[in-house]
Amino acid sequence: MKSYSLLNKNIQISVFPKTGTSFMDRLVLEQKVDIGKQQNPIIHFISIRHPIDRFISGFITLYKRSDGESTFINDSICNLNLLDAFITCFNLVKNDWSFDDHTRLSYDAIPLSSNNIKYFNYNEIGLLCELYNVIDKNHFHNRQHSVDWYLNTNSNHQKQELHKFLLSNTKIFNEVKNFLQPDIEIFQKLPISKIKA
């Protein structure tokens, strides 16, 4: 979990890979937030995403970056199409996805016992930052490349392709869900708040 502090406000926002790290890191570069935890924040917002959705997007990020640093996994999947890369990786790691930040289990790091914590859906992180005047409503529209500058987004087509593949391969999907089960159980217990901007 990576945490950020709002400038001049005792508010903390924490994210996981695939729940807003690229967005928040960009705001750090723009000096709109600080990286690091608050001592005793008034509110601690934690960005979450359904573990299966996070995993699918995480694998696609891993796949897109496989032509970068040479590793055994990267070298094995970088020249394959998405689905062949997934099957190859699944077999190589024997369904243990903890080797990469984007696919490993993460939610055991979530503090569950504090009154000042608010869990929110990762795709509302921009609304949250608007609510606290970190960014204004025109922030994204004033950019030359629209919203692409701040998001580490993966193709919806690729996400749908991988999701459809998993749904049609029950054995593999059940194994992936079994790996993700600890995060799924935590996620299902979280009281997720809607951000009202």
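The model contains an open sheet of 6 strands, arranged in the order S3-S1-S2-S4-S5-S6 with mixed pairing, where two strands count as paired if DSSP finds at least two bridges between them. Its edge strands, each of which pairs on one side only, are S3 (33–35) and S6 (192–193). This is a predicted model, in which local features need pLDDT of at least 70, side-chain atom pairs count only at pLDDT 80 or more, and totals for chains, interfaces and linings use all residues. Residues are numbered from 1 along each chain as its sequence is written, and side-chain values use heavy atoms, with hydrogens and water left out.

Strands S4 (residues 43–48) and S5 (residues 117–121) pair in the parallel sense over 5 bridges, and tyrosine 119 in S5 is the bridge partner of isoleucine 46. Helices (H or I, at least four residues) and strands (E, at least two) are DSSP runs, numbered from the N terminus.

Helix H4 (residues 82–93) has 12 residues. Buried in H4 are Leu82, Leu83, Ala85, Phe86, Cys89, Phe90 and Val93, buried meaning under 20% relative accessible area with a 1.4 Å probe, protein chains only. These residues lie on the same side of H4 because they cover an arc of only 155° around the axis, the arc being that of the directions from the helix axis to the C-beta atoms. The helices below are among what covers them.

| Covering helix | Residues |
|---|---|
| H2 | 51–64 |
| H3 | 72–77 |
| H6 | 156–168 |
| H7 | 170–189 |

After H4 comes lysine 94, whose phi is positive, near 50°.

Note on methods:
Expected span 1.5 Å × (residues − 1). Buried < 20%, exposed > 50% of the residue type's maximum accessible area, 1.4 Å probe, protein only. Contact = heavy atoms within 4.5 Å.
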